[in-house]
Amino acid sequence: MLHPFSLLTLSIFVAGYITARWDLVTRLHELAIFAWDHGVVTRTAKGFVLLSLCFFLIISPVVRIAVSESNKSSILDRLVLVFLQENSCEEEARSDTNQHGDMFTQDGLVRIFWPSENIKSGTSGVLVGWRNSESDITIASILTDTEEIVIENALRVGTLFRNSPHPLDRLLGSCGEVPLEIVGLLNAPAESSGYERPLFKGFSGVDVEPVAPKRLFRAYSSKDPKQPNITFKAHPSTGVQLIYYSRPDPNHMQYTSLQSMSLALSDKRDKVTVPEVMLDDVDATEIAEAQRVAVLVEKMKLHTVVRHKPSAKEVALPTIINQINCSFELNTLMQRNLNRIRTRRRRTLSVSERVVESATNLWDYIGQLLWYVYNEVLYPLSTQVFILGLVLQRAMGEFVVILAEWRLRPQDAAIKDISAIAQQVDLRLQQFSYWPIQYITLRERRHDWASLATNQAEYIRFYNSLWLVANDVIMGIAVGSFIVDNADAVADQINMLLTDWSLEGLRRMISWLMVYPAGLKLNTELARFLGDLFLWVIDYWAGCVATVQPTFPHLIRFIGFASFAGATMPLSLCSDMVSVLTLHVHCFYIASARMYSWQLTILISLFHLFRGKKRNVLRNRIDSCDYELDQLLLGTILFTVLSFLLPTVLVFYLTFALARMGIIIFKAILDTLLAALNHFPLFALMLRIKDSRRLPGGVRFKLQHVPFEDNKNHDSVPTSYIALESTPLSIEAIFHEYFQFGNRLRKHYLSPSVVLCLATGGFVPPLHRRNLYGLQYSMLPARRVGIVELWRRLSDHWPPFFPSSGMEEMKQPYSSHSHSR
């Protein structure tokens, strides 16, 4: 309840205010009568009632249901997912399989993973692969036009694996503890496979039991090679699922995966990091949420999740996927060595053939001599010079990076957090320092089987970065050429925009605010005082700008030449120029916001005085208080004066706040363009269009439609034909970083806290540059490579001298042939 004297004072104030603003009250009364006469009030009321009904009957229930369901399942799903990923990879395979339906049963259903390759109809051959269990068979290669006993002997002695480029045990080890064997026959006669098979030692040194004839299945493809009929001697009534798969080519970075490919670095993914300096409330909220989820995940590990025991088919699926990934290189190796089984003895060379061979060997000797000079002298020298240049460039770049990260105090912002050009230079230098490490990592995959490589994401990051830098330089050259050729015209245009918008336009706006803007009757003395103050600052700033205006053409030429380093350079320089040339607008906004905030705070305190209340700052609450009469009189006088002065301060504050928001929006557009030029997933999108198998996002099983055909020649079992397809990485996963960037912008600029700050005169800072550039830095490691580590990695990859066999071994082919003659 208000104090009686306070109520009387407030009534006197309201009556006096209405009297002072009687013209405004009259206009409002006339406007209300006009709206009532023309039905505006009625139509507004009907629209309001209709929208309210739609909101309460449709939108509100749907929102409540969605929020309740998401609250029930979102956190629990995330925790269960993390828990299952850390405790059982078999469960991941099971869940991924169950997404495509319950395709497998437990009663004698056999799965045969068949490579989809073109084979002539009626061609006979031997099927070599892995028998993971009695119900899971993976075919690695189809060896045509050969016999079963020949292939079995070749597997026994290792003839099919000769001239292997890398150790075969590593490739077979990734396919499980199952040896390669003959699993079936293609278009074989019924009376084959009748000989005895003793126990033999396989190529990998493991005792392999030969496959009994009853365990072999036969496939007949008389009409359609891609839809063979399957027969089993031991299980004539067993159902078969023939699952086609296309061999991924590891040399082209193709592979199949049960999980989606991640383009982010491992040290940037699922890692909670606390920065040294909290930039805004958004950072604190995100970090607190991540830490809360991490704590809940640790608590979930203490509980037992009830789940059914995975079946053998579910457990075998990840191993089968690995076998499919390795089948390309194994098939290539076995097909290349298949002719060794049927080689015939070479005939004796004639005299003319020996002469030609001698001349060929002489030219080979000369070529080997030149290769020796290049390999032992020129190449090591050029590589050492190249390594030295890279290390020197890294040392100079490290000095610039340290300078960009310099802080006056530990809690202050770094230079790169203030300047856009410093941030862009720091980003480019860190990319240049990381490129050699990425290249070495990609080169190391040549020393092992391509199927075992795990750096496909690094390959995409490396070439995406190269493509973006190349496109940036190409566009920068075009922009820079235009700027350099038209430097004077561009300087005049910038000078005109600067004068018209930030100087003359602002001067006209302030002069208009001093003389009853839009018919509003402001306090003349206060408006004139504030206007003269701001105009004096504008005049002083205009004098400073006029001093540097003659240097604008030279500055524009410098920006043009800097554009040859990329289009991001002029954008960064333009962002910094906007920040410098609009510094007076920023100062006006801070000053007006501070005056408005102070005045609003005083008015709120005086309003509490009218109510007989006061704010308890120690306990952060409103308490009752008994004021004296002189305190109430003084509070009433101050409240009346500040209330009449508030519209004048509010008008100036809104003007500069809108100007500041416009500048922030313009700089946000420039920063978004920088983010697109520095981090746009161009290479990933092109791979998804060109070859989506290089961006796997999981697998799916697609049932194939097969026309019914009555087969009377063979006792075939019921067979369903299924295609195993690799699903490409989704667009949402490719642009995941951009979605996070947009979510951060939304939380910073479109949140209720920002609206509250604008309404109360609080300072609304722009989004911190570190958060803006966090999108670009996501493709760089958290700890950049040092100079010593870079030298060591380069020296290990390119040693000073390559090991060679010497001149004696170069003479060996020629001399050996001479002795043979």
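What follows is a walk through the structure shown above, from the whole chain to a few single residues.

This is a predicted model, in which local features need pLDDT of at least 70 and side-chain atom pairs count only at pLDDT 80 or more, while totals for chains, interfaces and linings use all residues. Residues are numbered from 1 along each chain as its sequence is written, and side-chain values use heavy atoms, with hydrogens and water left out.

Let us start with the overall picture. The protein has 26 helices and 13 strands; helices (H or I, at least four residues) and strands (E, at least two) are DSSP runs, numbered from the N terminus. Of its 821 residues, 40% are buried, where buried means under 20% relative accessible area, exposed over 50%, and partly exposed in between (1.4 Å probe, protein chains only). Among contacts (heavy atoms within 4.5 Å) between residues at least 6 apart in sequence, 80% join residues at least 24 apart.

Leu 171 sits in helix 6 (residues 168-173), and it counts as buried because its relative accessible area is 0%. Leaving aside residues up to four places away in sequence, Leu 171 touches Cys 326, Glu 329, Leu 330, Trp 449, Ser 451 and Leu 452. Leu 258 belongs to the loop between strand 9 (240-245) and helix 7 (281-300) and is buried, because its relative accessibility is 15%. Its C-alpha lies 4.5 Å from that of Gly 698, although Leu 258 and Gly 698 are 440 residues apart in sequence.

Next, have a look at strand 7. In a regular strand the side chains alternate between the two faces of the sheet. In strand 7 (residues 217-220), Phe 217 and Ala 219 point one way, Arg 218 and Tyr 220 the other way, and all are buried. Strand 7 runs parallel to strand 4 (residues 181-186), with 3 bridges between them, and antiparallel to strand 8 (residues 229-232), with 4 bridges; strands pair if DSSP finds at least two bridges between them. Ala 219 is the bridge partner of Leu 186 and stands opposite Ile 230 in strand 8.

Backbone angles come next. Most residues other than glycine have a negative phi. Met 253, however, has a phi near 65 degrees, and Asn 620 has one near 55 degrees. Are these two residues buried or exposed? Met 253, in the loop between strand 9 and helix 7, is buried because its relative accessible area is 6%. Asn 620, in the loop between strand 10 (613-616) and strand 11 (621-624), counts as exposed because its relative accessibility is 55%.

Finally, the second largest pocket holds about 930 Å³ of space. Of its 27 lining residues, the closest to the centre are Leu 497, Trp 501, Val 578, Thr 582 and Phe 666. A pocket is an open set of points on a 1 Å grid over the protein atoms alone where a 1.4 Å probe fits, with protein on both sides within 12 Å along at least five of seven lines; lining residues have an atom within 4 Å of a point. Helix 13 gives the largest share of this lining, 11 residues.

Terms used:
Grid points are joined across faces, edges and corners, and a volume is the space filled by probe spheres set on the points.
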